[in-house]
Amino acid sequence: MKNQLVRAFTIAVTAASLTLGGAGMAMAGGPGGNGSSSTTSAAAEVQSLRDALAARADGGDVSGTQASIAELAPVLSDLAQGKRYTIQTEAKESAATARQENAEAKKGVDELATKLDTRAGLPPVSALLNALLQRLLISLSSLVNDLLGGLTVPVG
């Protein structure tokens, strides 16, 4: 129940951030970032990969989840190292955190994949995937928020 509540909150925050992204483009370019289409493009790419990862995990698709994690790895590395996009320092730090969470999630999902045959009595695969990916999904949502300039989300 708690995981579902956190997941729903994360999705709502991310959706609101993306919705408000167009209105906050001027805010996206602060010190160290340029607020250009590059920043917006990075946010859209991370959001798209995050959504694909969440959908595959919710569906219990272990191999699809592994593929999504593999797709995320180079994007997060590029963002953390400032190779492909010019982004703010705060967003680079969020990308580094998400990159670390991605590596940890990869290990857990890979371990789960090897134990699928011997998992009698364990919760459904989707529940296990969601538990393994919780921190990564939160980190990705934070990264999208940082890329969009830290817009506040209206409450109510």
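This is a predicted model: local features need pLDDT of at least 70, side-chain atom pairs count only at pLDDT 80 or more; totals for chains, interfaces and linings use all residues.
Local features require pLDDT of at least 70 and side-chain atom pairs pLDDT 80 or more, while totals for chains, interfaces and linings use all residues. Residues are numbered from 1 along each chain as its sequence is written, and side-chain values use heavy atoms, without hydrogens and water.

The protein chain contains 6 helices and 0 strands; helices (H or I, at least four residues) and strands (E, at least two) are DSSP runs, numbered from the N terminus. Of its 156 residues, 40% are buried, that is, under 20% relative accessible area with a 1.4 Å probe, protein chains only. Among contacts (heavy atoms within 4.5 Å) with a separation of 6 or more, 75% join residues 24 or more positions apart.

The largest nonpolar core has 32 residues. Such a core is a set of buried Ala, Val, Leu, Ile, Met, Phe, Trp, Tyr and Cys residues joined through side-chain atoms within 4.5 Å.

H6 gives the largest share, 9 residues. Leu-143 is one of the core members that touch the most others; its contacts include Val-46, Leu-76 and Leu-79.

H4 has 20 residues and spans 29 Å from first to last C-alpha, close to the expected 28 Å, which is 1.5 Å times one less than its number of residues. Its buried residues include Leu-72, Leu-76 and Leu-79. After H4 comes Gly-82, with a positive phi near 70°.

Technical notes. Buried means under 20% relative accessible area, exposed over 50%, partly exposed in between (1.4 Å probe, protein chains only). Lists of a residue's contacts leave out its neighbours within four places in sequence.
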